[in-house]
Amino acid sequence: MTITRREFLHTLAVAAAAGLPLADTARASAINGFYDLHQFGNNVTLMHFTDCHAQLMPTYFREPNVNLGVGDMAGRPPHLVGEALLKRYQISANTRLAHAFTYLDYVNAARTFGKVGGFAHLATLAKKVRAQRPGALLLDGGDSWQGSATALWTKGEDMVQAARLLGVDIMTGHWEFTLGAGRVRELVDKQLKGRIEFLAQNVKTADFGDPVFTAWVMREINGIPVAIIGQAFPYTPIANPRYLVPDWTFGIQEENLQKTIDAATAKGAHAVILLSHNGMDVDLKLASRVTGIDVILGGHTHDAIPDPVPVKNRAGVTLVTNAGCNGKFLAVLDLDVRNKRVAGYQYRLLPVFSNLLEPDREMAQLIRTLRAPYEKRLAEKLAVIAPPEAQAEQQPDAGQKRRHRQAPEVPPPGLVHLPGINGQAEKNALRRQQTHAGDEEPNRDRTPAPHGGDERHEARARRGGIRQYQRGAYLFWLIRPSMAGRW
Ligand SMILES: [Zn+2]
């Protein structure tokens with residue numbers, strides 16, 4: 001495979017111009033180019049988002065400041081944060097892109113650049129890409145049906161409806177399975193049928209080892225046959241309660257994957273894509289062991305990696321990507337497929353800046369409709385953010401006055417006070433959420449906790465007997481081996 005980065009770097013240069021110091025007019029023109037795509041002979045395009053964790057609304061999401069790689073993975077993608085990441089990917093500091101990909105100067109930058117994600121904004125961006133790339137497919141890497149109150153209360157229904165309107169073509173899963181095998185079957189068989197293909201080559205029945213889901217599909221994109229294989233999270237029954245999927249087995253299923261790739265190639269695929277929820281370290285290892293995959297579009301570990309990592313194996317090179325989380329990014333993979341093989345590629349991990357993209361009217365309306373029955377519950381105040389000086393002064397009254405004056409939109413370093421929950425229904429919902437979310441899971445290693453579920457924060461705080469805790473836990477609850485000890 002020929003690896004081309006010219007257009008990607010060009011885009012970085014354009015996007016880097018949309019930085020902090022620019023005047024409004026200059027910034028506006030740079031923004032105009034922010035989501036423009038460049039042709040380079042590409043004829044196949046795949047859009048990819050992953051781990052949106054049911055975040056229908058725009059949100060603030062801070063990238064981690066620690067990501068430890070073990071052994072020879074230390075200092076290599078995805079184990080790069082902050083300035084090291086900027087240097088590696090030639091992203092200028094103090095720019096919109098630097099803010100998207102790092103935690104640096106987070107509070108100030110978040111105030112400047114605003115919220116990220118939101119399905120109405122994601123929908124607009126997907127339409128922009130489709131307009132420039134006719135025939136492009138949209139792939140959802142999973143962890144989509146869990147992570148918000150409405151996803152919990154509707155048992156994933158809201159996210160399925162949003163994904164259908166968004167035009168998702170293919171998905172795989174992980175936290176989806178915490179809805180229980182019966183509910184997953186119901187949604188896949190009834191709601192997704194004929195619209196969204198749910199793929200997983202590595203989920204089988206525990207009794208006879210029969211496949212539970214379709215393993216792969218062939219899709220023609222501009223006349224070119226492209227095989228897409230699904231890979232659900234291999235450790236689902238370990239990381240999440242086993243009783244939710246008692247009759248299904250998971251695992252990486254490497255041999256079956258190789259057979260599936262070979263079958264797809266034998267049927268005439270000119271490009272083979274793995275839509276994976278393995279997590280990036282597993283994907284990197286898998287790419288070195290399995291042959292015939294052109295690109296792994298990965299998720300689960302929430303790594304926002306600007307450029308694919310090429311991995312050599314016995315038969316060639318496989319590109320490995322990871323596309324962040326919470327609806328913050330939309331990856332656009334362009335392939336130049338010729339002579340029945342991938343000859344070149346271009347990859348963009350486009351940040352979904354809510355204030356750069358008009359909300360799609362139809363999606364915004366759907367979200368309003370989905371949330372309407374729960375408006376009162378959603379409006380309940382769960383936490384009050386105090387300004388930092390309140391900590392130092394330890395004078396609640398003074399802090400109260402300042403809070404009213406300043407009303408910061410982005411929570412500054414300070415305290416979060418959880419006022420407690422009154423209604424029995426909410427208490428029950430919290431208990432259910434704890435159960436669904438697998439709080440007691442033994443293996444927290446690469447399993448993301450839901451950043452978006454206010455109830456989760458409340459539940460965790462209550463269980464731990466704490467009423468106040470640092471805002472870090474409120475904003476970026478990404479549990480990794482390296483970070484788990486912080487909270
Ligand atoms: Zn996951």
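User: Before we talk helix packing, how do you get axes and angles?
Analyst: Axes are lines fitted to C-alpha atoms, for helices over the stretch in contact, and angles run from 0 to 180 degrees between N-to-C directions. One caution: this is a predicted model.

User: Fine. At what angle do helix 8 and helix 13 pack, and how far apart are their axes?
Analyst: The angle is about 170 degrees. The axes of helix 8 (residues 157-166) and helix 13 (residues 361-371) are 10 Å apart. Angles over 145 degrees count as roughly antiparallel, so helix 8 is roughly antiparallel to helix 13.

User: Which residues make the contact?
Analyst: From helix 8, Asp158, Gln161, Ala162, Leu165 and Leu166. From helix 13, Glu362, Met363, Leu366, Ile367 and Leu370.

User: How many of those are nonpolar, polar and charged?
Analyst: The contact of helix 8 with helix 13 has 7 nonpolar residues, 1 polar and 2 charged.

User: Stay on helix 8. Which of its residues are buried?
Analyst: Asp158, Met159, Val160, Ala162, Ala163 and Leu166. Asp158, Ala162 and Leu166 also belong to the contact with helix 13.

User: What do the buried ones pack against?
Analyst: Helix 13, helix 6, helix 7 (149-153), helix 9 (181-191) and strand 2.

User: And just after helix 8, what does Gly167 do?
Analyst: Gly167 has a positive phi, about 90 degrees.

User: Helix 6 came up. How many residues does it have, and how far does it reach?
Analyst: Helix 6 (residues 119-132) has 14 residues. From first C-alpha to last it reaches 20 Å, close to the 20 Å expected at 1.5 Å a residue.

User: New topic, the core. Which members of the largest nonpolar core touch the most others?
Analyst: Met47, Leu166, Leu199, Ile229, Ile273, Leu330 and Ala331, out of 116 residues in that core.

User: Which element gives the most to the core?
Analyst: Strand 13 (residues 329-338), with 7 residues.

User: What is Met47 in contact with, leaving aside neighbours within four places in sequence?
Analyst: Ala126, Val129, Ala136, Leu137, Leu138, Leu139, Leu330, Ala331 and Val332. Ala126 is among the buried residues of helix 6.

User: What about phi of Asp105 and Asn222?
Analyst: Asp105 has a positive phi near 45 degrees, and Asn222 has one near 50 degrees. Most residues other than glycine have a negative phi.

User: Where are they?
Analyst: Asp105 is in the loop between helix 4 (96-101) and helix 5 (106-113). Asn222 is in the loop between strand 6 (216-221) and strand 7 (224-231).

User: Why does Asp105 count as partly exposed?
Analyst: Because 15 other C-beta atoms lie within 10 Å, between the cut-offs of 12 or fewer for exposed and 20 or more for buried. Asn222 is partly exposed too, with 14 C-beta neighbours inside 10 Å.

User: Last one. How many helices and strands are there, and how much of the chain is buried?
Analyst: There are 19 helices and 17 strands. Of the 487 residues, 47% count as buried.

Methods. Residues numbered from 1 in each chain as written. Predicted model: local features only at pLDDT ≥ 70, side-chain atom pairs only at ≥ 80, totals over all residues. Helix = DSSP H or I, 4+ residues; strand = E, 2+ residues; numbered from the N terminus. Parallel < 35°, antiparallel > 145°, perpendicular 65-115°, else oblique. Contact = placed C-beta atoms within 7 Å. Nonpolar A, V, L, I, M, F, W, Y, C, P; charged D, E, K, R; others polar. Core = buried A, V, L, I, M, F, W, Y, C linked by C-beta atoms within 7 Å. Expected span 1.5 Å × (residues − 1).
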